[in-house]
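Visitor: I have a model open here and would like to talk it through. Could you take me around it?

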Amino acid sequence: MVDLSDVRKRPEEYRDAAKKKGIAVDIAKFLKLDEERRALLAVVEEMRAKRNSVSKQVPTMKGTEKEKAIKEMKELAETLKEKEHVLEKTEAAWQHLQLLIPSIPLPKVPVGKDDTENVEIRRWAPHQSPASAGSGAEQGDPVTFDFEPKDHIALGEALDIIDVLRGVKIAGSRSYFLKGDGARLELAVLLFTLDHLTKKGYTPFLPPLMVNYDAMMGTSYFPGGEEQTYAIGVQKAKDGPLESDGFFLIGTSEVSVTSYHSGEVLKHEDLPRRYCGMSNCFRREAGTYGKDTKGLYRIHQFQKVEQVVLCEASPEASANMHSELLTNAEEVLQALELPYRVVDVCTGDMGRGQVYKNDIETWMPSRKGYGETHSCSTFHDFQARRLNIKYETKTGEKKFVHTLNNTCIASPRILIPILEIYQNKDGSVTIPKALQPYMGGQKKIVKR
RNA sequence: GGUGGGAUGGCUGAGUGGUCGAAAGCGCACGACUCGAAAUCGUGUAACCCCUUACGGGGUUCGAGGGUUCGAAUCCCUCUCCCACCGCCA
């Protein structure tokens, strides 16, 4: 949610932001409703004031005077009820619209319509002599092979560590099993990342996977993201209606962990709060039919270590935390020796609330390109307003905190580059050095 | 799943239809006393919204929603959450 007084002050900027982000919201309609609401509020409050003052006097009155006052108040109550009803309706529409108003992107954000217009800002690849020949060398790929490489599915099936067919059998498309060393590899990469962040002062969380509407709304997934979200309910008969329990499966632990302090007032000296949530994540992936159907790239359920930060309300503090979050994620990729690039996400590929966003894309040989593996977002006070998270400044002023988040690792998507880049000619996969301690010292995944 | 007890300001807790946004205590802030401190005494101490340059005024909020009433923390209905015990259970 944005600062409404700011919207009143410079509506054109919000109209512009909505246009650049590709978000449909009628700012003029909002302003009109806003005025209507305030006019109605004035009328209703005046009537309430009258009622309150007369009601206070009633007990001191007697006889006909009292009867007259009560009669008058009865009539007033009726008109008041009507007015309140109109106000309520206006307020509901007003509230709905204000949730749709996007934040204004920082000036440095490139303007563009979708992810094809994101702008690369840097690349990293491990130091190793580039192969002079072999698959990929002529295109200048960061990873080359002197044999014909397999994709992660072929590797996973041959090694019996990924089973997509049986996943689909019991849970439908975009489902899978990790088994054996595949299961262990995923846990290894998650735990390695969690340890990395813990060492850097981040508090790990295992948060609720099911949350209420307020958490979804507060982190600004709702309204708008309902179609991407699984709702929890009870189905009493096969093909019968689903009775909602009012809970939703999180698509990221950002939802639970950012909401952790909702409704609270923190102390200035307790900021920044550095948190990381490890959780399963659930996504319906509605509207992606036919997109990334093969393999573990786009799936309904995965696991992620997510970084979440609450910091003081200054653009500088936010910017510092943003680069810290990026650095943490890059350190993990560097430890895993996976080539990646960082892009500035353009306006059209940003969410409603974000003011700045970077994606990290990791090299995936089978895609012959970089695939998104991380997403680092700065919100300023957009989420904090919705979640009502404040802090008290040194001067005793209460302000909304700034929130940020970034993936630190998401699996099994990260298994794509790991398996594909670390594969050997004989079909085995070398385990990245950093993960070997988390696999009991094991150095290779081989067919068992 | 069953039974009983709860939910009031930063905290404890009183309040069962009208001058109650709410006693008292604790905490906190300021002042007095003191060389200074403790103790003591005094004063003050909720959030949000609307109008106002400001001073100030008004509204809403006693878990949430609805109802009764001229008027609800207080009465009625529904729901949520917490605590205790019983049953079942990873």
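Visitor: How many residues surround RNA strand B, and which are the closest?

Guide: This is a predicted model, in which local features need pLDDT of at least 70 and side-chain atom pairs count only at pLDDT 80 or more, while totals for chains, interfaces and linings use all residues. Residues are numbered from 1 along each chain as its sequence is written, chains are lettered from A and ligands numbered from 1 in the order in which they are written, and side-chain values use heavy atoms, with hydrogens and water left out. RNA strand B is surrounded by 17 residues, the closest being Arg 38, Glu 45, Arg 51, Asn 52 and Lys 74, where near means that a heavy atom of the residue lies within 4 Å of the strand.

Visitor: Which helix gives the most to that surface?

Guide: That is α3, with nine residues; α3 (27-57) and α4 (63-100) each supply at least two, helices being DSSP runs of H or I with at least four residues, and strands being runs of E with at least two, numbered from the N terminus.

Visitor: And what part of the RNA faces the protein, by atom type?

Guide: Of the atoms of RNA strand B within 4 Å of the protein, 77% belong to sugar or phosphate, and the rest belong to bases.

Visitor: Which polar side-chain atoms come up against it?

Guide: Among them, a polar side-chain atom of Glu 45 lies 3.1 Å from a base nitrogen of RNA strand B, one of Arg 48 lies 3.2 Å from a sugar or linking oxygen, and one of Lys 390 lies 3.2 Å from a phosphate oxygen.

Visitor: Changing topic: is Asn 405 buried or exposed?

Guide: Asn 405, which sits in strand β16 (residues 402-411), counts as buried because its relative accessibility is 3%, and buried means under 20% relative accessible area with a 1.4 Å probe and protein chains only.

Visitor: What does its side chain pair with?

Guide: The side chains of Asn 405 and Glu 254 are joined by a polar contact of 3.2 Å, that is, a pair of N or O atoms within 3.5 Å, where within protein one must be able to donate a hydrogen and the other to accept it, and residues adjacent in sequence count only if both atoms are side-chain atoms.

Visitor: Last one: what are the domains of chain A?

Guide: The assignment, which is automatic or from a database, gives domain 1 (4-100) and domain 2 (115-445). Their contact (heavy atoms within 4.5 Å) takes six residues from domain 1 and ten residues from domain 2, and the domain centres, taken over C-alpha atoms, are 43 Å apart.

Methods. Buried means under 20% relative accessible area, exposed over 50%, partly exposed in between (1.4 Å probe, protein chains only).
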